[in-house]
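User: I have a model open and I'd like to learn how to read its features. Can you walk me through a few?

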Amino acid sequence: GGAAEPPPRLVLDLERLTQVPSEKAGPLQRYAATIQSQRGDYNGKVLSIRQDDLRTLAVIYDQSPSILTEQLISWGVLNSDARRAVREEEA
Ligand code: C2E
Ligand code: C2E
Ligand code: C2E
């Protein structure tokens, strides 16, 4: 991608997120619920989050951002395009 390309968005699938067992998804479920409540955004099937939030979640999950990204994509809760956002961050 060229330098003028905007960074990809990080988009959580909130319906999928409710289907992932909470022993795995619990921290992310609570984090997403907090953002929804801070925004007053309760009607969405998806939630766009900040790049910074992925870094925070990586600390919570004790993983690198790129490994956490792969996990979230494999659960079906994060758009696969998000990979590119993490690579740009770590480059
Ligand atoms: P804040 O960070 O001081 O942002 C105040 C308002 O600026 C937000 O009100 C929103 O209208 C706008 N804003 C700030 N950054 C962005 C952005 O990247 N994109 C868009 N579209 N608008 C932005 P809002 O949405 O009611 O959020 C209130 C507060 O809730 C925010 O205050 C922040 O402290 C927290 N918050 C909301 N969403 C997120 C999030 O995705 N991640 C984090 N870390 N905090 C969030
Ligand atoms: P997009 O970013 O590709 O989002 C497509 C649709 O996904 C949105 O359609 C909305 O239905 C849903 N969506 C995405 N993120 C969220 C979220 O955090 N909460 C909720 N409740 N729904 C979400 P919508 O609203 O018709 O917006 C169409 C397009 O308009 C968006 O495409 C985006 O390009 C732009 N847009 C809408 N709101 C904002 C905004 O706050 N900031 C910026 N920069 N663009 C926005
Ligand atoms: P977006 O609204 O299209 O914003 C894209 C990027 O523009 C943000 O990426 C951020 O780098 C910058 N940006 C937009 N508005 C502001 C602002 O008010 N203050 C600052 N400092 N930067 C801003 P980022 O942070 O990765 O956020 C990605 C997406 O997550 C945003 O796309 C928006 O859909 C959502 N989002 C993030 N924070 C908030 C928030 O506080 N409130 C709402 N409603 N949505 C947010």
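User: Is D62 buried or exposed?

Analyst: Quick ground rules: this is a predicted model, where local features need pLDDT of at least 70, side-chain atom pairs count only at pLDDT 80 or more, and totals for chains, interfaces and linings use all residues. Residues are numbered from 1 along each chain as its sequence is written, while chains are lettered from A and ligands numbered from 1 in the order in which they are written. For burial, count other C-beta atoms (placed from the backbone) within 10 Å of a residue's own: 20 or more is buried, 12 or fewer exposed, in between partly exposed. D62 has 8 of them, so D62 is exposed.

User: Where does D62 lie, and what is its phi?

Analyst: Most residues other than glycine have a negative phi. D62 isn't a glycine, yet its phi is positive, near 55 degrees. You'll find D62 in the loop between α3 and α4. Helices here are DSSP runs of H or I with at least four residues, numbered from the N terminus.

User: Which residues of α3 and α4 meet?

Analyst: Contact needs C-beta atoms, placed from the backbone, within 7 Å. From α3 you get L54, R55, L57 and A58, and they meet P65, L68 and T69 of α4. By class, that contact has five nonpolar residues, one polar and one charged. Here Ala, Val, Leu, Ile, Met, Phe, Trp, Tyr, Cys and Pro are nonpolar, Asp, Glu, Lys and Arg charged, and the others, Gly among them, polar.

User: Where does α2 bend?

Analyst: Compare axes fitted to the seven residues ending at a position and the seven starting there. Helix α2 (residues 22-39) bends by about 30 degrees at L28. It's hardly covered, too: one of its 18 residues is buried. Just after α2, G40 takes a positive phi of about 70 degrees.

User: Which residues surround ligand 1?

Analyst: A residue joins the shell if its C-beta atom, placed from the backbone, lies within 6 Å of the molecule. Around ligand 1 those are I35, Q38, R39, I49, R50 and D53. The largest share, three residues, comes from α2. The shell divides into two nonpolar, one polar and three charged residues.

Technical notes: Helix = DSSP H or I, 4+ residues; strand = E, 2+ residues; numbered from the N terminus. Contact = placed C-beta atoms within 7 Å.
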